[in-house]
Each structure stands twice: as C-alpha cells, then as structure tokens.
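Here is a briefing on one predicted model. Topics follow in groups, with cut-offs given at the term they belong to.

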Amino acid sequence: MPLEPFATSAPLTFGVELELQLVSLSDFDLTPASPDLMHLLKRKPFPGNVTPEITESMIEINSSVQTDYRTLLAELLEIRDTLVAAGDVLNIGIAGGGTHPFQHWSEQRISAKPRYQELSALYGYLAKQFTVFGQHVHIGCASGDDALFLLHALSRYIPHFIALSASSPFVQGHDSGFDSARLNSVSAFPLSGRAPFTLSWADFADVYFAKMERTRIIRSMKDFYWDLRPKPEYGTIELRVCDTPLTVERAAALAAYLQALCRHLLERKEAPPLEDDYLVYNYNRFQASRFGLDGVITHPKTYEQLPLREDIIATLDLMEPHAQALGSLDALLHLAATASDGGDASFLRGQHERQGSTEGMVDAAIRRFRGR
C-alpha cells in the first residue's frame, strides 16, 4: 500500500512514550507481570494510555497530545502514581532506566500480541534481547516537508538527547563502559540507523518508501527503527534515541527541550541540513552513548571538536527565549543541572558502588521512579 498522506497536526504539540521495567520485589529481577498489570489497570480509568511491549516484563505508557510542559508533567506524574499503586497491589516494582542491570534475555517471554510474535519469528534472539527501555517523543508538524526538515535538522542535536537521558550503564550483570548501552541493542536491527536524506515528502513517500515497499522488506513505517522517523498517521516526527529516564520529571524536561529546539529550527536561521551532515553522525552518536555527558562531538558544519557537556549547556542557554514563550524554562533548568551535575548513568554507578550489588541499584531505581 502507498504511504498514507501526512496528517494535519498542530505544530509543536507533543507527546511522550515511556517503556518501563516490571520488577519482582523479592529478587529485583524482571518479572513477566504485564498481563496481570494490564488486567488490573483496565478496571478503572487510566490517564493517558498503557500497552504491552515486546516482552512481558515491560509496558509502555503514552501521554495525551499536549501543548505545554507543565500539563505534560502533571499527566506523567498522574500516570506514574496510578502505575505505582497498581504495582503495589501486585507486589511488583516499576522502574525507569534504559536496561535492567542483570536480567538475562533468554529468560524473557515474548508478549502474545501478533506483531510481537512475528518479530520474534523474524529476528530470533534479537527480539528477546530487545528487552530494553526507551523514551520516544512525538512533535507535531504542519506538513510532511516540515517533518523532514526537522528530522534532518535535529541530527546535529541527537547526541544531546542520548547523553541527557543515558541510564543504561549495566548489561547482563556487568558495567558495559557505556552510559547508554541500550542503543547497541537497537543498532543490531537491520532497519535501524537514520532516515534517508530528502527534504521533500513527495520524494520520501512516492520514491523512497514506494521502492522499499516493492522490496517486500517493509510494510509500514513501524518497520523502520530509525533514531528519528516520521509518523504520517499522527502528523509527527518521533525521536527514539533516549533511554527511559529514572524519573518522569526528566522525561517531561527532555520533551520540552525537543519542543524548544524545534521551535528554534523552524525559524530557519541555522544553516539548512545537508546529506554531508551525516558524515559525523554515527561517531557523534557513539561518543554520546559511550561517554555520555563527557563525550566529545564533531560539529557537522565546521568539524569543530566540541565537549558535549559544554555544547548542551550553550544550546540550553540559546533555547531560553523559546522556552520562555512555551512556558518550559523550568524544564531547561532541570536539564542544565543534569548536564552540570551528572545524569542517571552516574547515579546508577554511584548506587552500585555504594550498595555493592546490582540488586541494590534496581531498588534505588524503583524508589527514584516513585519520587522518593
């Protein structure tokens, strides 16, 4: 089928998806509790939306479409409190974090949803290994052309979101050396990476997507695991590089930062995006994943070497007028403090050193998600 037309969407509206860990409070390992949790949550109204994920030790929550940071934050807090209360009934913990620090992929159960069963049949062990947890942010776009402009203009800032959200330093019981090890699991899929360069929705839909569909490799945009992808059915672009933060407060702040950046980029005062911007993309992405806020990135236009922490702080300062107009100054202050003081990956490593176990680290993550 041809790609659906790009839907009408109010520019700069936004929404958040968070993949969350379901944890046994007896041993702090992941537990396949999503069927029981979903059944319990259906008994009363749920703010936003909640759905199963690829394995049964995960769920995904979705906010409503929002226009401002404070309303988004209030909704995410209400969703969190509802989930925590349901988890208490089932004696399970709910946690953020991009990876569970010691779960084994071979012990995970694929969810019953037909699409997940198909993915498991296609990708083999990669499907269970995909028990990792990310934050996705949707931004409303006035047109498909605007969507592709933003998608490529944002490539310069992808390392910011990786570093500010990084919360997956441990994998299979060991410190990976990465601040965001989760992205290595995503990169294993053949249709991951970045979108092809075009600024024309007609070219994207009628040429690129049409060719890909004829290969029979893909059937819809869901088959692409790109870092940023257009979602024509919603009239949005979707940022997919963030680890799920340990708190919904940081999740809301990251969404507000993206909203402010998009407002800035739509003024089109920066040099326009070019294919050559991607010469440094993969290495910058690696630097942010491996070293987090201590990474060093290469500017795609000037090739200047930039300490990532300093680049983030400078960009947050630049976004201040946009945040003022959007009502999200508090979000940028939250992220500036994160950049200065260290993020979730540093917190988790500190907890591991202090408590001497990965179980203690999970317990700390559960408490942090609860707001304690």
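**Helix H10 and its end**

The model is predicted: local features need pLDDT of at least 70, side-chain atom pairs count only at pLDDT 80 or more, and totals for chains, interfaces and linings use all residues. Residues are numbered from 1 along each chain as its sequence is written, and side-chain values use heavy atoms, with hydrogens and water left out.

- Helices (H or I, at least four residues) and strands (E, at least two) are DSSP runs, numbered from the N terminus.
- H10 spans residues 281-291; Tyr281, Asn284, Arg285, Gln287, Ala288 and Ser289 are buried there.
- Buried means under 20% relative accessible area, exposed over 50%, and partly exposed in between (1.4 Å probe, protein chains only).
- The buried residues of H10 pack against helix H6 (158-165), helix H7 (182-187), strand E12 (296-298) and helix H11 (308-318).
- Contact means heavy atoms within 4.5 Å.

**Helix H1**

- In H1 (residues 34-41), Ser34, Leu37, Met38, Leu40 and Leu41 are buried.
- Down the axis of H1, these residues fall within an arc of 165 degrees, so they line one face of the helix. The arc is that of the directions from the helix axis to the C-beta atoms.
- Asp36 and His39 are exposed, on the face of H1 turned away from its buried side.
- Cover for the buried residues of H1 includes strands E1 (14-24), E2 (49-52), E3 (58-62) and E4 (92-95), and helix H2 (69-90).

**Nonpolar core**

- A nonpolar core is a set of buried Ala, Val, Leu, Ile, Met, Phe, Trp, Tyr and Cys residues joined through side-chain atoms within 4.5 Å.
- The largest such core has 116 residues; Leu37, Ile61, Leu83, Phe161 and Leu239 have the most contacts inside it.
- Helix H9 (residues 248-265) gives the most to this core, with 13 residues.
- Leu83 touches Leu20, Leu37, Leu41, Phe46, Ile59, Ile61 and Ile94, not counting residues up to four places away in sequence.

- Seven of the seven residues of E5 (residues 134-140) are buried, so the strand is largely enclosed by the rest of the structure.
- One side of E5 holds Gly134, His136, His138 and Gly140; the other holds Gln135, Val137 and Ile139. Both faces are covered.
- Two strands pair if DSSP finds at least two bridges between them.
- E1 pairs with E5 in the antiparallel sense over five bridges. Phe14 stands opposite Ile139 in E5.
- E5 also pairs with E11 (residues 236-243), in the antiparallel sense over six bridges. There, His138 stands opposite Glu238 in E11.
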